[in-house]
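Have the viewer open as you read.

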There are 2 protein chains.
Amino acid sequence: MSSPTLKGLSPAELVARLRQRDRLALARVISKLENRDSDCAELVRQLFSKKSRSRTIGITGPPGAGKSTLVDALTVKYRAQRKTVAILAIDPSSPFTGGALLGDRVRMLRHAKDEGVYIRSLGTRGKQGGLSHASREALWALEAAGFDRILLETAGVGQTELEVSGIADLTAVVLVPESGDSIQMMKAGLLEIADVFVINKKDRAGADRLRKDLDSALKLPQDAEAAQNLPEILLTQANQHEGIDELLEALERRLELLQHSGVAQARRETSLLQEVEDILIERLRASVRESWKTHSGNDLKRDLAEGKIDPISVADLLSGN
Amino acid sequence: MSSPTLKGLSPAELVARLRQRDRLALARVISKLENRDSDCAELVRQLFSKKSRSRTIGITGPPGAGKSTLVDALTVKYRAQRKTVAILAIDPSSPFTGGALLGDRVRMLRHAKDEGVYIRSLGTRGKQGGLSHASREALWALEAAGFDRILLETAGVGQTELEVSGIADLTAVVLVPESGDSIQMMKAGLLEIADVFVINKKDRAGADRLRKDLDSALKLPQDAEAAQNLPEILLTQANQHEGIDELLEALERRLELLQHSGVAQARRETSLLQEVEDILIERLRASVRESWKTHSGNDLKRDLAEGKIDPISVADLLSGN
């Protein structure tokens with residue numbers, strides 16, 4: 001089980017160890033996925049399986065809403081129920097909001113001796129569109145390692161939070177009374193992705209107003225089915241562990257509901273189709289970059305730079321059109 | 001020149017009008033690029049040209065750094081020099097920081113009667129990786145319309161600011177004394193993309209400390225060529241129009257330098273290669289989505305959902321491997 005013995009293991013062997021909950025193997029596999037190592041494809045093939053008992057809960061919301069504290073409080077409660085928990089923190093490393101997930105180290109220390117908790121952050125700075133791809137595959141690794149609940153926490157900047165809803169089983173949007181009104185959220189597409197709303201820091205002025213505002217917005221005329229599945233709105237004070245029991249119950253209730261209604265399965269299917277697309281795009285990028293290095297690619301590059309050919313025509317030539 | 005006459009015009013005709021500075025044609029072309037209309041490819045072919053007198057200056061920095069005010073102040077100065085200016089505001093619409101560019105309307109009113117200023121914002125919510133693609137092509141439209149300077153302003157969230165440096169001729173990073181220290185910026189990759197640093201709101205405490213800190217960070221051991229081309233650091237107070245003349249001079253000086261050193265040409269070439277890649281990726285996405293609708297695609301979808309085949313194998317089949 002010691003680290004050196006992982007050297008030279010094939011993807012199949014690594015994944016076999018990971019399925020036996022070998023943490024070093026798990027860490028190695030996730031790192032390979034994060035770095036887009038050459039054996040990613042084989043790892044994904046090995047990790048893929050139809051069924052999983054794991055459930056992934058996406059936790060998203062603006063920086064400063066208290067997502068990490070909330071994730072921490074939920075972890076404690078899940079552990080009290082003897083459920084194992086993996087925390088995957090997605091950090092798109094926006095140049096201007098970096099360090100949002102630095103609280104990680106504190107958390108790691110707190111749960112360091114608990115074998116039932118695994119904490120990992122994931123970032124792929126500068127790799128366009130690659131973060132949700134790597135995150136999706138990392139989730140599969142955590143599922144294969146058998147964690148009961150996976151808490152997928154975002155930094156709350158850029159497009160990541162919308163992407164996260166495409167790979168989680170359920171998405172909780174965490175807000176604070178200062179987060180603004182429902183019209184802004186509607187504009188941003190948050191009402192569409194939220195299965196559960198959490199208003200954290202509920203002691204602050206405006207918490208109740210936000211709840212009422214959200215409540216009315218959610219009840220705007222919609223079809224009967226949607227009306228039945230309105231997101232619940234929970235109020236918490238994560239740093240005081242207030243409202244966490246109720247939140248956990250709401251999350252579990254919603255997971256159950258999504259399972260029974262078939263929505264859970266539909267979401268997994270959509271995510272799988274997206275995975276196929278992401279794989280093909282990754283291959284395309286690599287192949288385009290290779291093609292510039294060939295003799296004819298080099299000629300094309302020169303003609304393009306000299307304005308003798310336009311980029312659409314180059315694309316046509318590269319794709320054999 | 002009136003709007004209805006644009007109906008039924010071919011891409012070539014639209015671009016011909018745009019080159020004659022018809023604003024309605026320009027607006028129409030940019031909208032088509034933003035919406036990824038089916039005639040984008042033909043538009044790009046028509047817009048593409050080897051040479052352009054236009055220079056694009058990317059203005060990036062955290063929300064609240066005063067980028068819009070700065071862009072406005074620069075516009076006034078450029079107009080005093082009889083240079084025409086287009087402002088392209090890139091808004092990735094992060095769900096939690098939306099509305100950063102709402103100041104647009106105020107600006108539009110201010111410059112409404114000036115034919116030498118064109119203001120436009122661009123957003124493609126939820127379209128992964130599509131924003132820098134559409135922005136690059138919109139820049140070509142503005143170049144074809146003959147603007148002397150294009151100010152490309154970002155909302156300062158997510159990865160957009162790093163992507164912007166890949167499509168602008170020059171990138172100015174706007175900071176405020178509260179923006180943090182150079183180590184954070186180094187980590188975020190900002191030192192690599194900045195051609196010019198602007199410390200705005202220079203009256204605030206810490207402005208001089210940030211300048212010194214940046215200055216030392218920039219002078220860390222590096223090769224001789226890099227040492228010659230260190231970014232300048234300018235201090236401004238945009239809302240008082242202080243330091244704007246000096247900033248404009250520094251920007252122009254740097255544009256000149258990049259031109260003479262060949263860096264400008266190299267950047268344009270890299271951006272062209274990225275454009276080819278973006279075109280191919282966009283086509284791939286469309287073709288994958290089409291393929292799910294075919295008979296065999298439908299079978300694959302079902303097998304994937306049922307766990308009978310893994311996503312890597314599906315990708316292999318779709319790409320004919």
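Contact here means heavy atoms within 4.5 Å of each other, and angles run from 0 to 180 degrees between N-to-C directions. With that in hand, note that this is a predicted model, and turn to helix H12 of chain A: H12(A) lies across E1, E4, E5, E6 and E7 of chain A, running at about 165° to E7(A).

**The helix H12**

H12(A) covers residues 244-261, 18 residues in all. From first C-alpha to last, H12(A) reaches 25 Å, close to the 26 Å expected at 1.5 Å a residue. Which of its residues are buried? The buried set holds A:Ile244, A:Leu247, A:Leu248, A:Ala250, A:Leu251, A:Leu255 and A:Leu258, together with A:Glu252 and A:Arg254. After the helix comes A:Gly262, with a positive phi near 85°.

**The sheet**

In what order do the strands of chain A line up? The order is E3-E2-E4-E1-E5-E6-E7, seven strands in an open sheet with parallel pairing. E3 and E7 (232-235) of chain A stand at the edges with a single partner strand each, so one side of each has no neighbour in the sheet. From one strand to the next, the twist averages 20°.

| Strand pair (chain A) | Bridges | Direction |
|---|---|---|
| E2 and E3 (residues 117-122) | Six bridges | parallel |
| E2 and E4 (residues 149-154) | Six bridges | parallel |
| E6 (residues 196-199) and E7 | four bridges | parallel |

A:Ala89 stands opposite A:Ser121 in E3(A), while A:Ala86 has A:Ile150 of E4(A) as its bridge partner.

**A closer look at E2**

Is strand E2 of chain A, residues 85-90, mostly covered or mostly open? E2(A) is mostly covered, with six of its six residues buried. On one side sit A:Val85, A:Ile87 and A:Ala89, and on the other A:Ala86, A:Leu88 and A:Ile90, so that both faces of the strand are covered, as buried means under 20% relative accessible area.

Definitions and conventions: Residues are numbered from 1 along each chain as its sequence is written. Chains are lettered from A and ligands numbered from 1 in the order in which they are written. This is a predicted model: local features need pLDDT of at least 70, side-chain atom pairs count only at pLDDT 80 or more; totals for chains, interfaces and linings use all residues. Side-chain values use heavy atoms; hydrogens and water are left out. Helices (H or I, at least four residues) and strands (E, at least two) are DSSP runs, numbered from the N terminus. The expected span of a helix is 1.5 Å times one less than its number of residues. Buried means under 20% relative accessible area, exposed over 50%, partly exposed in between (1.4 Å probe, protein chains only). Two strands pair if DSSP finds at least two bridges between them.
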